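Here are a few notes to read alongside the structure. Have a look at it first, then go through the points one by one.

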Amino acid sequence: MEDKTILEELLDNSLGHRHDNMKMDKAYHLLSAGAIAEADALFDEILTEEPFNRDALTGKRLIARQARVEQRMDNAGERVHRAKLASPEAEPEPEAEPKPKRKNPLRSKKVLTALVVAFVMFCGLAAAYVGTGGFDGETAENPPEYSQQQ
């Protein structure tokens, strides 16, 4: 934060300065609301009183930029319209044939039933394999043969 002198603080709080700030706020509010002509007039008033006011100059630049954008949009619309009028013999694009709807095979009850049965069978076989000593019977009670020879 800048350290302000007493004179600068008094000037910031003066009625004239508050009036200028209110004018600036109103101009930006009008600009955001789309009332460009009124905002432009207020920025002009502010610039006549204070020619190098940065906020007012920025507001004027924003208005000029908005005018250029709108002009480009108008020109683009006119170019498209002229292009359509210039080539009346141009045939319209053929409509694309609708794609045939493909069924999702996972939505079929038969496929889902088959998948569930296959999963249950796999789980049953895995449980049977483990339960019958499918891993060569190497448990804590039945150690591998090579460890018994030592």
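1. Aromatic pairing comes out at a count of one pair, where rings of Phe, Tyr and Trp (its six-membered ring) pair if their centres lie within 6.5 Å, with planes under 30 degrees apart called stacked, over 60 edge-to-face and the rest tilted. Tyr28 and Phe43 make up this edge-to-face pair, at 5.1 Å centre to centre and 75° between the planes. Tyr28 sits in helix H2 (residues 15-33) and Phe43 in helix H3, so the pair ties together parts 15 residues apart in sequence. Helices here are DSSP runs of H or I, at least four residues, numbered from the N terminus.

2. This is a predicted model: local features need pLDDT of at least 70, side-chain atom pairs count only at pLDDT 80 or more, and totals for chains, interfaces and linings use all residues. Residues are numbered from 1 along each chain as its sequence is written, and side-chain values use heavy atoms, leaving out hydrogens and water.

3. (Buried is under 20% relative accessible area, exposed over 50%, partly exposed in between, with a 1.4 Å probe and protein chains only.)

4. Now for Asn53, which you'll find in the loop between helix H3 (36-49) and helix H4 (54-86). Asn53 counts as buried at 12% relative accessibility. Leaving aside neighbours within four places in sequence, Asn53 is in contact (heavy atoms within 4.5 Å) with Met24, Ile46 and Leu47.

Key. Helices (H or I, at least four residues) and strands (E, at least two) are DSSP runs, numbered from the N terminus.
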